[in-house]
Amino acid sequence: MNLQVVYCSHRASGLALRERLAFSKTQIPQAYAALKHAFPRAECVLLSTCNRVEVYTAQEDANQIPGHQDLARFFAEFHQLPVHEFFDDLLERSGPDVVRHLFQVAASLDSMVLGEPQIVAQVKEAYTLAQQHAASGPLTNALFQRALGVAKRVRTETGLAEGRVSIASVAVGEFGRRIFDRFDDKTVLVIGAGEMAIEAVRYLQDEGARQIWVCNRTLDRALALAQEWGGQVRPFERLDEWLAQADVIVSTTGAEPCLVPRDRFRLARQKGAYKPVFVLDLGVPRDFDPSIRDLDDNVFLYCIDDLQAICERNRRARQREVDRALVIIDQEVDRLMGELHHQATGPIIRRLREQWRQVVDQETRRLFQRLPHLEKDRADIERSIEQMVNKLLHPPLEALRDEAREGTPHGLLDALRRLFRLSDG
Amino acid sequence: MMPHTSLICFLASYLVAFALEIVRFRRTNRWARWGGLAFASAGLLAQTWYLLNRGHQASLPPLLASTHDWMLVVAWLAMLVYLVMAVGNSRLNLGVFVYPLVLLLIGVAYKLDQVPNTELYVAQARRSWGLLHASLLVFGVVAAAAGCLSAFLYLLQHRRLKTSHAERQGFQMPSLPRLAAANRWAFLMSFLLLTLGYASGLLLSFSAPAAGSTVALSEPIVILSGVVWLLLAAALGWLLIQRGPAGRQVAWLTIVGLGGVLLTIFGLQLVTGHLHRGGRTAARVGVETQVRQ
């Protein structure tokens with residue numbers, strides 16, 4: 001039994017290379033066709049996300065499993081890239097290390113954001129696609145099904161996935177969703193067009209926000225963002241009006257002097273009838289005067305420092321859970337490897353039992369033909385012979401099982417084949 | 001035959017469940033959650049048996065049997081509502097607030113008058129009115145407790161959001177709009193039920209005296225309840241004319257108003273040992289003497 005993974009991930013390779021080696025959804029069928037053509041006897045699963053590109057291969061016969069160079073050639077031919085441009089970035093693992101690697105990936109221990117939940121769905125999707133393209137087999141089925149189980153176990157038995165770790169998710173998840181029950185009836189005002197504003201709006205849209213106003217000094221940028229989000233552009237000159245009407249304000253201009261001083265916001269609050277407002281000030285320096293949070297009970301202001309501190313605390317809490325997750329993964333790796341090795345001995349054991357069964361059948365048939373008066377005791381005789389066979393087979397099979405705990409017992413399997421003349425067919 | 005259960009049985013169950021809730025409060029733990037629910041359910045079952053047993057012995061429904069039983073019915077109802085909510089929402093860890101209240105109620109009930117009000121409710125008509133009066137008050141009190149809890153949670157959540165503090169891992173509170181809605185509803189329901197409860201109580205006191213015992217309008221509980229009811233009515237009026245969001249003020253008003261109701265009812269019971277003095281006839285004093293001996 002041979003398992004192998006050749007991969008590049010965010011840990012060792014840059015985004016530019018990962019993008020060149022990645023397989024888009026439309027390329028996946030061609031990739032599986034190419035893999036099957038190149039390695040017809042190998043089971044394959046392709047896992048391609050923005051953080052990693054991995055090709056898992058498995059096969060009973062070690063001689064025909066694709067090697068590191070074979071897979072590098074496959075990447076090169078498929079993506080039309082010279083091998084030397086990426087060969088050093090392609091890493092390889094084999095045997096139990098493959099199992100450990102996949103379990104860590106699925107449990108999100110190898111993710112850029114520790115404990116992020118998307119990776120489980122991505123692993124599941126990769127495995128489903130491999131099944132659909134008839135590229136997976138008994139070994140990869142066992143491996144991926146167990147990986148999904150391990151990810152679930154890690155998630156439920158540790159706190160690895162608890163607490164949000166990105167600024168936008170903390171802002172929306174920990175605060176926004178507690179200020180408002182729903183966002184589909186809320187107006188979101190985006191001032192400026194920083195990266196974090198884009199992420200925050202994505203989270204707000206996931207929560208149901210529909211009405212998005214983009215207010216930017218540069219009209220072209222505002223138009224582009226409004227189009228991307230399905231929002232509307234609002235003139236920057238009338239910012240006070242929008243401040244009064246919005247329920248959620250996301251600001252990232254970082255302008256100097258402060259864009260919204262206390263008095264300006266107080267007037268906006270008067271016009272807005274003091275309704276609850278969730279202000280996300282992601283600008284550096286701040287766009288809103290921090291003292292506006294004391295204007296009335298319904299102003300909820302969050303600046304980047306508040307959110308950063310929570311992210312950091314959550315990240316540290318997750319880090320403390322890594323050791324517990326690794327213990328679970330080690331247990332599961334041992335369990336799966338034991339099962340896989342044991343499975344590898346299955347065909348030999350089956351053939352050995354079949355061979356002995358045939359001998360027993362032949363001999364008992366002959367016995368009852370020669371001594372027909374024994375027919376009345378047939379059941380007892382057959383049971384005794386069966387017990388004898390089991391007792392004789394027990395020591396070699398027990399030895400095989402013991403050896404299989406450490407790895408596929410090739411020597412012992414070979415000895416059994418030769419001693420009992422067991423064919424491979 | 002009903003199995004014998006004592007107050008200690010369910011008190012101990014709730015104490016264990018409370019300890020497990022504290023574990024959960026510190027850190028998410030599904031074993032603690034299920035363990036807590038199991039102990040709470042066992043406690044509730046034991047409490048149900050206990051109340052039924054007492055009612056059976058006094059030949060009265062638990063609500064009328066005695067002040068002790070009335071208090072235990074309040075605790076029982078609070079536990080029931082809590083259990084339904086806890087099963088429905090695993091992240092809403094309200095146990096840390098509900099258990100102290102329930103344990104306090106059981107503790108107070110233990111100290112209270114345990115002698116049945118048998119002679120107070122001899123007549124069937126009086127018993128029905130009494131049951132209505134007690135039921136309305138019990139539901140009103142539970143609604144008041146729920147109002148106080150939701151108002152307290154509102155203030156906690158508001159403070160957390162204002163000061164940008166992260167949520168605790170083991171304790172997630174509902175959103176402000178939800179808490180405000182719960183708060184408002186609890187206030188209205190509590191006011192309505194308590195009003196009907198007080199009205200039925202007045203009707204009961206005006207009805208024909210039963211077996212020489214009646215409840216006087218000059219009793220402290222009646223006078224204080226009337227004063228608190230007037231304050232509640234004024235608060236309700238303010239609540240209804242409010243325009244715009246005023247969640248925090250409503251929360252404070254709920255705590256003061258409904259907290260006042262709870263303090264009046266429970267405080268007086270604790271001081272006097274019973275809800276009404278009406279049942280203390282010569283015959284009853286004799287029973288009490290026997291019970292105490």
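A polar contact, as used in these legends, is a pair of N or O atoms within 3.5 Å; within protein, one must be able to donate a hydrogen and the other to accept it, and residues adjacent in sequence count only if both atoms are side-chain atoms. This is a predicted model, in which local features need pLDDT of at least 70 and side-chain atom pairs count only at pLDDT 80 or more, while totals for chains, interfaces and linings use all residues. Residues are numbered from 1 along each chain as its sequence is written, chains are lettered from A and ligands numbered from 1 in the order in which they are written, and side-chain values use heavy atoms, with hydrogens and water left out.

**View 1. Polar and charged pairs link chain B and chain A.** Welcome to the interface, where 14 residue pairs, both at pLDDT 80 or more, are in polar contact. The rule also finds 3 salt bridges here, a salt bridge being a side-chain nitrogen of Lys or Arg within 4 Å of a carboxyl oxygen of Asp or Glu. Look for B:Glu167 and A:Arg178, a salt bridge with its closest N and O atoms 2.5 Å apart.

View 2. H6(B) gives the largest share, 5 residues. In all, 23 residues of chain B are in contact with 27 residues of chain A, contact meaning heavy atoms within 4.5 Å.

**View 3. A:Phe265 and A:Phe288 form an edge-to-face pair.** Their ring centres are 5.7 Å apart and their planes stand at 85°; rings of Phe, Tyr and Trp (its six-membered ring) pair if their centres lie within 6.5 Å, with planes under 30 degrees apart counted as stacked, over 60 as edge-to-face and the rest as tilted. A:Phe265 sits in helix H11 (residues 262-271) of chain A and A:Phe288 in the loop between strands E9 (277-281) and E10 (299-303), so the pair ties together parts 23 residues apart in sequence.

**View 4. A:Asp330 meets A:Arg100 in a salt bridge.** Here the closest N and O atoms are 3.2 Å apart. Because A:Asp330 belongs to helix H12 (residues 304-370) of chain A and A:Arg100 to helix H4 (residues 96-106) of chain A, the pair ties together parts 230 residues apart in sequence.

**View 5. B:Ala145 is a residue of helix H6 of chain B.** Leaving aside neighbours within four places in sequence, B:Ala145 is in contact with B:Leu101 and B:Leu262.

Notes. Helix = DSSP H or I, 4+ residues; strand = E, 2+ residues; numbered from the N terminus.
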